[in-house]
Amino acid sequence: DLKEDKRPPKISNNVEQFSTFGWRVLLDQSLIQKQANTVKEEAVIQLRRQDIDVIFKAPWYKVEVGHYRTDSKAQAATEHIEAHYPNALKVRSQILVPRED
């Protein structure tokens, strides 16, 4: 059962971002978009995060969280997330990171 947490979710600030390769955590994948969207909605509540996306990579709808530049940070996040999603996997992916001047 999902318990609703009254704390506000982590929300990114309005910093200019760019796309690069990094790491994300795969929570689940489905052949049906509606199922993937349900997992995402539950994960937003469960993990109290807004950086959760449903990404279509034929034929799968993948639910991924986080934008990590390093393998070690992604691994630490995966281990934390496994408490809620035992099948969570660290995956190589396109990520969005703040632009550094």
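I began with Ala-77, which lies in helix α2. The model is a predicted one, in which local features need pLDDT of at least 70, side-chain atom pairs count only at pLDDT 80 or more, and totals for chains, interfaces and linings use all residues. Residues are numbered from 1 along each chain as its sequence is written, and side-chain values use heavy atoms, with hydrogens and water left out.

**Entry 1: Ala-77**

Is Ala-77 buried or exposed? I found a relative accessibility of 10%, so Ala-77 counts as buried. The cut-offs are under 20% relative accessible area for buried and over 50% for exposed, with partly exposed in between (1.4 Å probe, protein chains only).

I then looked up what Ala-77 touches, leaving out residues up to four places away in sequence, and found Val-25 and Tyr-68. Contact here means heavy atoms within 4.5 Å. I also noted Arg-24, which is 53 residues from Ala-77 along the chain, while their C-alpha atoms are separated by 8.9 Å.

**Entry 2: the sheet**

Next I traced the strands. They form an open sheet of 4 strands in the order β2-β3-β1-β4, with antiparallel pairing.

Two strands count as paired if DSSP finds at least two bridges between them. I listed the pairs as follows.

- β2 and β3 (residues 60-68) pair in the antiparallel sense over 6 bridges, and they form a hairpin with 2 residues between them.
- β1 and β3 run antiparallel and are joined by 6 bridges.
- β1 and β4 run antiparallel and are joined by 10 bridges.

I looked up some residues that face each other across these pairs. Asp-53 stands opposite Glu-64 in β3, and Ile-55 stands opposite Lys-62 in β3. Val-25 is placed opposite Val-65 in β3, and Ser-30 opposite Tyr-61 in β3. In β4, Ser-93 is the bridge partner of Gly-22.

I also checked how covered β3 is: 7 of its 9 residues are buried, so I wrote it down as mostly covered.

**Entry 3: a helix on the sheet**

I went back to helix α2 (residues 71-81), which lies across β1, β3 and β4 and runs at about 30° to β1. For such angles, axes are lines fitted to C-alpha atoms, for helices over the stretch in contact, and the angles run from 0 to 180 degrees between N-to-C directions.

**Entry 4: salt bridges**

I noted the rule that side chains of opposite charge can pair when their charged atoms come close. How many salt bridges does the structure hold? I found 5 salt bridges. The term means a side-chain nitrogen of Lys or Arg within 4 Å of a carboxyl oxygen of Asp or Glu.

I looked at Arg-49 and Asp-51, whose side chains meet in a salt bridge at 2.7 Å, N to O. Arg-49 is buried, with a relative accessible area of 15%, whereas Asp-51 is partly exposed at 22% relative accessibility.

Another salt bridge joins Lys-90 and Asp-71 at 2.8 Å, N to O. This pair links distant parts of the chain, with Lys-90 in strand β4 and Asp-71 in helix α2, 19 residues apart. Lys-90 is partly exposed, with a relative accessible area of 26%, and Asp-71 is partly exposed at 36% relative accessibility.

I then turned to Glu-64 and Lys-57, which form a salt bridge with their closest N and O atoms 3.8 Å apart. Glu-64 is buried, with a relative accessible area of 1%, while Lys-57 is partly exposed at 36% relative accessibility.
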